[in-house]
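Please take a moment with the sequence and the fold before reading on, since the paragraphs below lead through some charged pairs.

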Amino acid sequence: MDFQVERIEFGEKIGLAEREAVNKYAQFLASQSLPVIFSPGHLSYITNMRIESLYAMSNSQESFYRRFEIPKKSGGRRRIDAPLPSLAHIQRWILDNILQGVALHPSAKAYRKGYSTFDNARFHRKQSIVLKVDVKNFFGSIEEHSVFSIFHDLGYSKRLSKLFSMIATLDGVLPQGAPTSGALSNIFMRAFDEKIFADCKRQGIRYTRYADDLTFSGDAIDLREHIRLVDKEFSKVGLTLNSKKTRVLFPHMRQEVTGLVVNDSVSIPQAFRRQLRQECYFIKKFGIHGHAREVNARNPRILLEEVIGKLSYVKAVHAKDPWWAKNHAIMLEVRKNLI
């Protein structure tokens, strides 16, 4: 494969003067099925974005985000930094064309196509002990220099790796809300996952990680020693154990993993299903507008979309119960006729 044409147009700008060096650089990226990019100018060309815009996004990141807060399930507020459309576009391009193809450890279950909370929870069914560990300020602990290393280790030049890392970070860390943050966190955690998984395998312990939520399960776990090991490995990568969220669940308790009960078969908590059944009943009896008035919902359409989303989730987990699929179809029909 000869990349001489690209070298003439773009390679000179990053100091790849020799044909052999250009081809070696390009072939290394191509061997990993990664897009061959020689310079910021080349990136501008293949993404159809002005080079001035790319530099503005990397040098004045705060100008390209909208900040807001959402409530946490555990109480308090979570800050979200949502990129503006132009920045989100290039971040999505980086995600789709570079990051999605990077191999991850199988224990990582979040931010991956075809994976869900169900795929995470099912590994921990019918276990004597379930240990749940959480990372404190997960995205905010993964710094720009680590993101730079990810792109550079993939084979991109220092100049491009710096540009990518600045486009993907805000205030020097991964932002909660950027399309790239989840995939980058999985790549960052790859060595950690490999180490923890290997240790767990030797001890007959099951391990999965869903973003910052780590779950361990088995018949015999030395809890104190295992937590100490995890904390030690966290410190090696600059992460901190959130001791307030560490949970040990035994069979006589409700063993819940990423929102799903795993004591026996994987199931959605009964209270959630009961409430959703009631919502469906009231919508069928009084109509979506009548139900919206009853629950003081300002927008019936948004309320209906929430119900449809919940039904999609439940019918996927409880596929053997036809009630959920039937009522999902009914709500889709309600949406079709909604004025």
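Is glutamate 52 buried, partly exposed or exposed? This is a predicted model, in which local features need pLDDT of at least 70 and side-chain atom pairs count only at pLDDT 80 or more, while totals for chains, interfaces and linings use all residues. Residues are numbered from 1 along each chain as its sequence is written, and side-chain values use heavy atoms, with hydrogens and water left out.

Glutamate 52 is partly exposed, with a relative accessible area of 47%, where buried means under 20% relative accessible area, exposed over 50% and partly exposed in between (1.4 Å probe, protein chains only). Its side chain meets that of arginine 50 in a salt bridge with an N to O distance of 3.5 Å, the term standing for a side-chain nitrogen of Lys or Arg within 4 Å of a carboxyl oxygen of Asp or Glu. Arginine 50 is exposed, at 53%. By this rule the count comes to 18 salt bridges.

Another of these pairs joins arginine 67 to aspartate 81, with the closest N and O atoms 2.7 Å apart. This pair links distant parts of the chain, 14 residues apart, as arginine 67 lies in strand S1 (residues 65-71) and aspartate 81 in strand S2 (residues 77-83); strands here are DSSP runs of E, at least two residues, numbered from the N terminus. Arginine 67 is partly exposed at 48% relative accessible area, whereas aspartate 81 is buried at 3%. Arg67 and Asp81 also belong to a network of salt bridges that includes Arg79 and Asp171.

How values were computed: Helix = DSSP H or I, 4+ residues; strand = E, 2+ residues; numbered from the N terminus.
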